[in-house]
Amino acid sequence: MATCIPVGSGTLHYTVTDCKRQSCKRTAWVSDVPIKRYLHKDLSWSKAVSKVLQTHRCEFSVPSLHKNGKHFKVISSCKKDGPTKYFDFAVIGSGIAGLRYALEVAKYGSVAVITKAESHECNTNYAQGGVSAVLCPSDSVESHMKDTIVAGAYLCDEESVRVVCTEGPDRVRELIAMGASFDHGEDGNLHLTREGGHSHHRIVHAADMTGKEIERALLKAVVNNPNIFVFEHHFAIDLLTCQNGSDIICLGVDTLNTENLEVVRFLSKVTLLASGGAGHIYPKTTNPLVATGDGIAMAYRARAVISNMEFVQFHPTALADEGLPIKPAKPRENAFLISEAVRGDGGILYNLSMERFMPLYDERAELAPRDVVARSIDDQLKKRDEKFVLLDISHKPRKEILSHFPNIASVCLQYGLDITRHPIPVVPATHYICGGVHAGLQGETNVKGLYVAGEVACTGLHGANRLASNSLLEALVFARRAVQPSVDQMKSSSLDLNASNLWPRPIVPLSLGSNVIDKISSMTKELRKELQSIMWYYVGIVRSTMRLETAEQKIGNLEAKWEEYLYQHGWKQTMVGPETCEMRNLFCCAKLVISSALSRHESRGLHYTIDFPHLEESERLPTIILPSSHLNSTWSSRQLHKQPMYH
């Protein structure tokens with residue numbers, strides 16, 4: 001039994017007992033993961049729970065970090081050379097959240113931006129639609145809030161929604177001041193589009209390549225900032241944590257330089273996790289290859305609280321390669337997104353018999369929220385045994401189509417499809433994880449010194465389904481809100497130049513020989529595809545308890561098979577490689593999604609189960625996965641190193 005008692009609360013106690021899922025209404029144990037729900041009427045999620053979780057006391061088996069009764073010594077400047085690097089701030093991820101935060105905290109200290117591939121390879125760069133914000137006099141914050149909460153199936157945290165919708169316009173204006181160039185209308189004002197779920201035109205965009213333009217502007221500012229140091233091709237392996245009394249503290253991150261296969265340790269006074277989502281737990285995703293859930297998995301292993309992982313958004317319209325006149329020469333690594341804005345601009349969905357079907361499912365037709373549209377398409381495909389549906393924008397003027405969607409038109413034309421004359425073949429694909437690391441209103445987590453922003457975070461904004469174009473906005477708002485507490489933490493924190501020796505270092509398995517490493521690599525790739533297939537088939541758009549339990553069992557067996565293969569070939573638990581570390585993170589995130597999905601006994605937003613097909617008011621609760629004091633026996637759920645122990 002694990003008991004966690006929040007500081008400063010005489011009323012709320014977390015008591016997690018070893019019980020069966022069926023007989024335990026508010027707590028479920030799945031793979032050693034305790035899950036709890038909290039009623040909004042008892043406790044406001046962002047205001048109270050986040051505050052509680054930030055300071056909760058738990059009986060974790062994490063040793064205390066004390067050396068002669070003192071904390072680490074202060075170092076005033078960054079040390080950037082050698083296998084250990086010291087910075088005031090470490091930022092994991094180079095998307096909109098990480099870069100925007102880095103530019104602000106760089107005013108107060110040295111910043112390392114750690115990114116898995118090239119700096120521009122992130123979800124931001126692939127975002128087509130735009131940034132939603134109240135910038136039109138006829139629009140209002142209240143209207144944006146209402147649209148967000150309705151789309152989120154009333155599971156959104158109202159305070160988080162208010163903060164984002166209120167502060168959003170200023171964050172967009174800051175981007176423009178930094179050089180981001182958005183489309184303007186003939187009247188000289190910003191051109192605002194409308195997307196599914198929005199009641200007003202409020203989407204700021206740069207044609208259909210908004211994310212790319214934002215990333216360009218932010219990267220340019222970062223490159224020109226002398227206090228920011230970007231480390232490309234550095235794969236974040238595990239957060240470095242220890243315990244001081246009741247606090248778990250994050251003191252940086254271990255990374256693997258994937259170009260020279262050296263382990264590089266970053267020690268920092270503050271760490272921001274802005275590593276994006278976990279789209280690649282599924283086979284078809286609009287996410288780039290880097291989106292393998294590394295941040296969520298690392299945070300979970302570091303005892304951070306995780307929320308709402310059952311809500312996986314499937315974008316209803318990704319390009320269906322099977323329907324193109326000219327097929328791609330090889331399978332895509334990630335699905336090509338056909339922007340929500342195509343439907344917002346008047347695009348109509350048809351089945352292959354050219355029958356319009358969306359009005360049969362929802363009175364809002366093509367402008368219904370994404371979860372509704374994705375389920376409707378899924379239903380059509382299953383009923384008709386077809387591989388894709390058609391999205392037609394060709395009834396609009398050619399000039400207008402090419403002006404609004406130049407990138408989509410260009411890509412389709414490469415495969416023999418002229419979108420100004422013919423419909424686009426589309427199919428749902430994994431797009432966005434609404435859940436993630438539980439964050440308070442300033443991006444804080446229950447781990448001291450660790451902040452989160454962007455898709456890796458669960459702020460309560462999205463609830464059970466993300467409203468179109470709210471993700472870039474959320475990243476901007478929370479990256480900015482995390483700055484002041486991060487600066488305060490940095491000023492009160494201190495680091496020791498000898499702290500690097502407190503944790504054993506991960507090992508690159510060169511000693512195994514290239515033949516064995518190749519075998520492990522091949523096996524890992526094979527099982528990765530199998531994991532993705534299980535998730536798509538059993539944990540997809542439409543779910544059931546039996547299918548979820550089958551997925552849980554199959555993935556458990558798959559992980560055991562993989563680990564056994566590794567250890568039989570000489571692999572040690574402290575060994576690291578890019579493919580194996582990604583695989584353990586995919587396993588971890590897949591299990592978190594399934595655990596959360598099994599605990600929700602209703603259909604709400606993105607989580608639809610045939611066993612509980614209706615909304616239940618009693619279930620209108622966020623899913624909270626508390627850190628377990630029981631060490632899970634799988635590699636994916638443990639930190640590679642043992643935490644330091646000082647007396």
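**Aromatic rings in a predicted model**

F87, F229, F231 and F266 form one aromatic cluster. The model is predicted, with local features needing pLDDT of at least 70 and side-chain atom pairs pLDDT 80 or more, while totals for chains, interfaces and linings use all residues. Residues are numbered from 1 along each chain, and side-chain values use heavy atoms, without hydrogens and water.

**Exercise 1.** Determine how the rings of Y282 and F314 are arranged.

*Solution.* Rings of Phe, Tyr and Trp (its six-membered ring) pair if their centres lie within 6.5 Å; planes under 30 degrees apart are stacked, over 60 edge-to-face, and the rest tilted. The whole structure holds eleven aromatic pairs. In the pair of Y282 and F314, the centres are 5.3 Å apart and the planes stand at 80 degrees, so the pair is edge-to-face.

**Exercise 2.** Classify Y282, F314 and W536 as buried, partly exposed or exposed.

*Solution.* Buried means under 20% relative accessible area, exposed over 50%, and partly exposed in between (1.4 Å probe, protein chains only). Y282, at 0%, is buried. F314, at 3%, is buried as well. W536, at 31%, is partly exposed.

**Exercise 3.** State which parts of the chain F314 and W536 tie together.

*Solution.* The ring centres of F314 and W536 are 5.8 Å apart and the planes lie at 65 degrees, so this pair is edge-to-face. Helices (H or I, at least four residues) and strands (E, at least two) are DSSP runs, numbered from the N terminus. F314 lies in strand 16 and W536 in helix 15 (residues 514–538), so the pair ties together parts that are 222 residues apart in sequence.
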